[in-house]
Amino acid sequence: MILKRIYDDLLSQTSYLLGCEKTGIAVVIDPNRESERYVAEAEQEKLKISFVTETHIHADFVSGARSLARATGAELLLSAEGGNDWSYRFAQSDGARLVRDGDTFDVGRIRLQVLHTPGHTPEHICFLVTDTTVSQCPLGLVSGDFIFVGDVGRPDLLEKAAHVAGTADTLARQLFHSIRATSNLGDYLQVWPGHGAGSACGKGLGAMPSTTLGYERLVNWAFQISNEDDFVRAALTDQPEPPPYFARMKQINRDGPPLALPSEPLREVTAVELRDAIAAKACVIDARSTADFSASHIPGTLSVPMGTSFATWAGWLVPENRDIIILADNLGRVARARHALSLIGLDRVVGRAGAETRDEWRRTIGPLESVALTTAVDVADDHTRTLIDVRRDTEWNAGHAPQAVHRFLGTLLDGMRDTPKDEPIAMHCQGGTRSGIASALLQANGYTNVMNMKDGFDGWTAAGLPIESSGNHTAH
């Protein structure tokens, strides 16, 4: 058996290429939109992709199962579980085979058995893998968003992200029973999860690429709670805030994800075109580093540094119905940013701009802007400036500056509606990156006296400044 883990750090997401070396055929499980990558991986292993499937209707990225099946001529297998509301609307038109709990299919001499594991979503399935050339005992479980390293898939996304009222408690109880239903599987079973650390599909995912069921039974919190009500409370506590694009992804992936990535070349826009685009409410994303943006940037632009969190914050802050222009100083960064946007369905990228456009702006339109930087020690001594903490709820509750006000970055503008545009403000996060995004967001929306506490809460604690815990000063 050949097993290749294909990891995308922009999504903290894992796909699997599983093939039979003797027959040369393979299945791809949970692909994203980058179909060419899976085709190349299969060719490298001298495998033909004959099946494409996925564990559930994804919320955090556009599924590539439909497009990869069409590109390769592979048979598409989709879950038939979950009821009418969360059944695949395109399954019949695409000729997909619907599979249920207990069904099996053979990838050459590799047998996959479908296990219905509701909890993260109603239709969620896993694949129990047996290499029949070696044994009739299963050797691994492709667990999707059911079991992670150190965690399990969150059961509250349908309610919080897709706004399906009343589902969180029901799914948490289903998750409890799905976990208990694994009791007949051996400790030796390898577990290959669909996400790693950094994903919002759970609250404490480990960074290890795989685990075993026996190890998870020893250390994973979800296996330690034997009372159903206690489990439900634990499963619904301290989950990260889901980005708003999750709801859109659920609908797109249920109803029929797009079949191709955008591929047309991006035209470089002029300073005048950029000015007009900003006036027309286009979203101009400056993908340079926080430091470069802070030093000098075009007014009205949004700072989202290109990195592993780029897709997350773009998903929070970039409206789906706006044209997008990417600003970066090299074409590689532009391409990576565009690719990250496409993974979450933000395809309306209409142009790019670079250092030449900034220079042209300065010469022909007006001065560039900067973000003033400050430190934790200086903010602690400045009682005229409002300190705003943009970290997540769990970070805030664990410890925060006594004078800080909590405004989570993802919903920052909603929380700032009653704040005067000229109020002196200092933004902070843990280390300075998220607060850099926040400072740019406020600046682009007319706030005129914003500073970024560049050393963040790490600097605050390193300086020995006072800390409070829990939400005594929280304001949402």
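Predicted model: local features only at pLDDT ≥ 70, side-chain atom pairs only at ≥ 80, totals over all residues.

Reader: Which residues have the most contacts inside the largest nonpolar core?

Author: Phe 310, Leu 341, Leu 412 and Met 427 have the most contacts inside that core, which has 51 residues. Each of the following supplies at least two residues of the core: helix 7, strand 13, helix 10, strand 15, helix 11, strand 20 and helix 16.

Reader: Which element gives the largest share of this core?

Author: Helix 10 does, with 6 residues. As general background, nonpolar side chains tend to be buried together in soluble globular proteins.

Reader: How many bridges join strand 20 to strand 21?

Author: There are 3 bridges between strand 20 and strand 21, and these two strands run parallel. Here Ile 425 stands opposite Val 450 of strand 21.

Reader: What span should helix 16 have, and how far apart are its end C-alpha atoms?

Author: At 1.5 Å a residue, the 12 residues at 433–444 should span 16 Å. The end C-alpha atoms are 17 Å apart, which agrees. Just after this helix, Gly 446 takes a positive phi of about 95 degrees.

Reader: Which residues other than glycine have a positive phi?

Author: Lys 46 is one of them, with a phi of about 60 degrees. Asp 238 also has a positive phi, near 65 degrees.

Reader: Where does Lys 46 lie, and is this residue buried or exposed?

Author: Lys 46 lies in the loop between helix 1 and strand 4. With a relative accessible area of 71%, Lys 46 is exposed, because exposed means over 50%.

Reader: And where does Asp 238 lie?

Author: Asp 238 lies in the loop between helix 6 and helix 7. Its relative accessible area is 47%, so Asp 238 is partly exposed.

Reader: Changing topic, what is the strand order in the open sheet of 6 strands?

Author: The order is 7-8-9-10-11-12, with mixed pairing. Strand 7 and strand 12 are the edge strands, and each pairs on one side only.

Reader: How many bridges are there between strand 8 and strand 9?

Author: Strand 8, residues 110–116, and strand 9, residues 125–131, pair over 7 bridges in the antiparallel sense. The bridge partner of Val 114 is Phe 127 in strand 9.

Reader: Finally, the surface. Which residues form a nonpolar patch there?

Author: Tyr 215, Leu 218 and Val 219 form a nonpolar patch, with about 330 Å² of accessible area together. Leu 218 lies in helix 5, residues 213–219, and is exposed, with a relative accessible area of 65%.

Note on methods:
Residues numbered from 1 in each chain as written. Heavy atoms only, no water. Helix = DSSP H or I, 4+ residues; strand = E, 2+ residues; numbered from the N terminus. Buried < 20%, exposed > 50% of the residue type's maximum accessible area, 1.4 Å probe, protein only. Expected span 1.5 Å × (residues − 1). Pairing = 2+ DSSP bridges. Patch = residues over 30% accessible without salt bridge, like charges linked within 9 Å, V, L, I, M, F, W, Y side chains within 5 Å. Areas by Shrake-Rupley, 256 points an atom, 1.4 Å probe, with all protein chains shown as cover. Salt bridge = Lys/Arg side-chain N within 4 Å of Asp/Glu carboxyl O. Core = buried A, V, L, I, M, F, W, Y, C linked by side-chain atoms within 4.5 Å.
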